[in-house]
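Subject: Structure for your review

Dear colleague,

Please find the structure below, with the sequence alongside. My notes on what was found in it follow directly after.

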Amino acid sequence: MHAIATHIWLIPLLPLLAAGVVALLPKRASTAAIGLATGSMGLALVLSLAAFLATLGGHADGAAHATHIGNFDWFRLGTGSVRLGFLLDPLGAVMLVMVSFVGLLIFIFSIGYMAHDPNRTRFFCFLALFASAMLGVVVANSLLLLFACWEVMGVASYLLIGFWYHKPSAAVAAKKAFLVTRIGDIGLFLGMLWMYHATGTLLFFDDGRGCLEADALTQLGGTAVRGGLTAATGIALLLLVGAIGKSGQVPLHVWLPDAMEGPTPVSALIHAATMVAAGVFLVARVFPLMTGGVDTPVGEGTSVALQAVAGVGALTAVFAACLAVAQQDIKRILAYSTVSQLGYMFLGLGTGGVAVGMFHLITHAFFKALLFLGAGSVIHGCHEQQDIRWMGGLRRLMPVTYATYAVGMMALAGVPLFFSGFWSKDEILHAAWSWAPSRWPFVLGVVGAFLTAFYMTRQMAEVFFGQYRGGVRPHVGHGIPEATHGGTAGGVHESPGVMTVPLVLLAGSTLVLGWLGTPAWPWFEAYLNGHSAHLDFGRLAAAWPMMLVSVVVVALGIGTGWWVYGRRSRVGATAPDPLESQFPRIFRGLQARLYVDELYDATVVRLHHVVSMVCGWMDELVLGGLVTLVGLGSRLAAFSARSLDELLVNLGFDAGCASTRWGGRGFSWLQNGSAQRYLGGLGLGLATLAILVLWGWRHG
Amino acid sequence: MNPAQPYLFLAAALFIIGMAGALARRNAILALVGIELMLNAANLSFVAFWRHGPHPDPQTGLMFALFSIAIAGAEAAVGLALIIALFRHRRSVSLEAAESLKG
């Protein structure tokens, strides 16, 4: 066993220590804070790479699953003990490398992006805390430890979304994100409790006694609850609720677009690359449970839980893509695109198994981080402008950002051959096509792919082509200023090297990663499943019809997008969207996010208001009445006590005081401070006593 | 004549002299000396009453006197320490200077 496998806990610990130390630093020590946070992340990346290599070595030994486990007692209760553990397997190793690599690049990008923020120290503390929690989720070998890190991540995300807490919208968005994900977390928590109740352990792997190993799975799969569902399905569905909350799937997607109120590196790190992937990772981690405890071959997993995963994913993929078409904020478009792509990952997990979903997760993490950082660079260059209507023509003004953004856009849209997104999305569509229960996920997936290509083309055309329209600087997202003239560059500038270098690195990874999972050489799947990959072009021949379909869909999407938005660029910022003038009602509906937030406002939030009003009424009338009654009683008692005091006690007391004062004045004459006078008094008394005794003796 | 009588007269004389010194002296050290004299008068009468009393065999009176002497030593130490403190405070050992505790 490699040394790194036994010390895997160091990877999350390093950023955690950095966060702790940074938290104690004074505000002005921002350079030290940046150094600590970034340095710890760099070390974590080095360790992650070592861990990754260690799992590669496991393959060479022919081990079926290169899994290293280290469990320990957390505390003992009576005869039993609560055990936690750390785990290194290919799934975790690949996530470790992704999280620490993308994380490090985003940390570096943040140095430039946050250069003018006075609260950089706090920012880097939160970033390091977040990274630590995410790495903890990845290496946890216990549902309990995973849950703990999961919650820390939720807190870090809350702190980072609300980083600019003086903006009311950011404060509200942070609260919303925290509460909505909490709904999912309740599901995860209940699933965890049920799991512990049913199996007596929360460790994933524990030499045959863990809850993801054959014994427990057979037991869970054999326990019927009601409605023909097994305990395994019930737990899996509850865990899925947690994953849905964290990964922003329908119907808990509403927090993710609002979370764009945070600084852009946060959006890139949390709401694109890593945190939202945690839900997908959780499903992948408990995948044996998701298959209902039955060891079905990949591609035929038709358990109820997996059908739910696939259904939720497919629905989300299309739904979010529709909403992305009509958004005006560059980050919101990307946010909905993230929701949509996460839907694809769920679809991949549900229909094709761990490898298919995880491959899209990894490729997406890179190109979505790239897109978000690119958007950050654009926003930085355009003086904090986020509305794409006020951009345009940035192709010439920000060439590096433009080139890298184009790579990300093509990967996301799924342009064939050289871009990673093509290969991973193609695999998902392929898996959905051959899925036995239903063809609907495939159809939805294809529609989603078309929409993805369409809205990304729209965004590219609006942001980078045409004329620059932001001559006059409006307030972000609100108010339409009168005077806007095209052509003036308005001081737009390319971002500094500390921001563009991460972009270039991410773009490079985006181009390279796709080759790890092509049908001809499915290295990624082989690596996750623990066997070695062979180069076989025959498989490519079998896969080409599907590839052709996705190429046609993508070409259609990009073509339509270009036809609508690229042919003639927008005249001025206030001109209506071409789609808006064609289909005003649909466009406005989409722009208003299909009124999901309003629906929640009208139902859940309204219900909540009613319940809290009833509670308030109860509080005011019943409890408040009781409190008032008690208060009245004590006031009455206090009044009578006071009258008694004033009429009886005080008079007697005052008289006592007066006599004491009078007596004291007399005695204070006696106490003159001279010790000898006191002694004289003593002697006088003694003499008197002696005379009296003698007198009595004589006459008695 | 009771055999204890001369000792008791001596003790009474010592007590009166000590008391006069403690009352009349302005110097704190000499007042302390007077107090010591009064203590020793008491010790003398202890021993006299024990020696010529009804139970001379157990050494009770002697022991009492020994304890009293030990206590007198301790008391002298405390008293001298007080006088030093007083001197440091007022640059004087006169008892007339120490009368700030008046009512």
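Two residues are taken to be in contact if their C-beta atoms, placed from the backbone, lie within 7 Å. Please bear in mind throughout that this is a predicted model.

**Two buried positions in chain A**

By that contact criterion, and leaving aside residues up to four places away in sequence, I11(A) touches A44(A), L47(A), S48(A), L96(A), L135(A) and V139(A). I11(A) itself belongs to helix α2 (residues 10-24) of chain A. It counts as buried, because 29 C-beta neighbours lie inside 10 Å, where the threshold is 20 or more.

**Helix packing in chain A**

Two helix pairs in chain A are described here. In one pair, helix α5 (residues 120-139) and helix α12 (residues 275-285) of chain A have axes that come within 11 Å and cross at roughly 10°. Since angles under 35 degrees count as roughly parallel, α5(A) and α12(A) are therefore roughly parallel to each other. Here M134(A), V137(A) and V138(A) of α5(A) meet M275(A), A278(A) and F281(A) of α12(A). The residues of this contact comprise six nonpolar, no polar and no charged.

In the other pair, helix α16 (residues 354-381) and helix α19 (residues 420-433) of chain A pack at about 155°, their axes 9 Å apart. This angle makes α16(A) roughly antiparallel to α19(A), and their crossing is left-handed. On the side of α16(A), the contact involves V356(A), F359(A), H360(A), T363(A), F366(A) and F367(A). On the side of α19(A), it involves S420(A), G421(A), S424(A), K425(A), E427(A), I428(A) and A431(A). By class, the contact of α16(A) with α19(A) has six nonpolar, five polar and two charged residues.

Chain B contains three helices and zero strands, so its elements run α-α-α from the N terminus on. Its radius of gyration is 17 Å, well over the 13 Å that the globule rule gives for 103 residues, so chain B is more spread out than a compact globule. Taken along the principal axes, its C-alpha atoms fill a box of roughly 50 × 25 × 25 Å. Buried residues account for 17% of the 103 residues in chain B. Of the contacts in chain B between residues at least 6 apart in sequence, 49% join residues at least 24 apart.

How do α1(B) and α2(B) pack, and at what angle? The axes of α1(B) and helix α2 (residues 28-51) of chain B lie 7 Å apart, at an angle of about 165°. That makes α1(B) roughly antiparallel to α2(B), and α1(B) passes α2(B) in a left-handed crossing. Residues in this contact include L10(B), L14(B) and I17(B) of α1(B), together with L37(B), A41(B) and L44(B) of α2(B). Sorted by class, the contact has 18 nonpolar, five polar and no charged residues.

Between the chains, twelve residues of chain B are in contact with eleven residues of chain A. Helix α1 (residues 5-24) of chain B gives the most to the chain B side, with three residues. That side has seven nonpolar, two polar and three charged residues.

**Backbone points to inspect**

Most residues other than glycine have a negative phi, and most peptide bonds are trans. The following places depart from this pattern.

- V250(A) and P251(A) are joined by a cis peptide bond, with omega about 5°; P251(A) lies in the loop between α9 (231-247) and α10 (255-258) of chain A.
- D207(A) has a positive phi, near 50°. D207(A) sits in the loop between α7 (168-199) and α8 (214-222) of chain A and is exposed, with 9 other C-beta atoms within 10 Å.
- R91(B) also has a positive phi, near 55°. R91(B) is found in the segment after α3 (60-90) of chain B and counts as exposed, with 8 C-beta neighbours inside 10 Å.

With kind regards

Methods: Residues numbered from 1 in each chain as written. Chains lettered and ligands numbered in written order. Predicted model: local features only at pLDDT ≥ 70, side-chain atom pairs only at ≥ 80, totals over all residues. Helix = DSSP H or I, 4+ residues; strand = E, 2+ residues; numbered from the N terminus. Nonpolar A, V, L, I, M, F, W, Y, C, P; charged D, E, K, R; others polar. Rg over C-alpha atoms; globule rule 2.2 N^0.38 Å. Buried ≥ 20, exposed ≤ 12 C-beta atoms within 10 Å, placed from the backbone. Axes fitted to C-alpha atoms, helices over the stretch in contact; angles between N-to-C directions. Parallel < 35°, antiparallel > 145°, perpendicular 65-115°, else oblique. Left-handed = near helix turned anticlockwise from the far one by under 90°.
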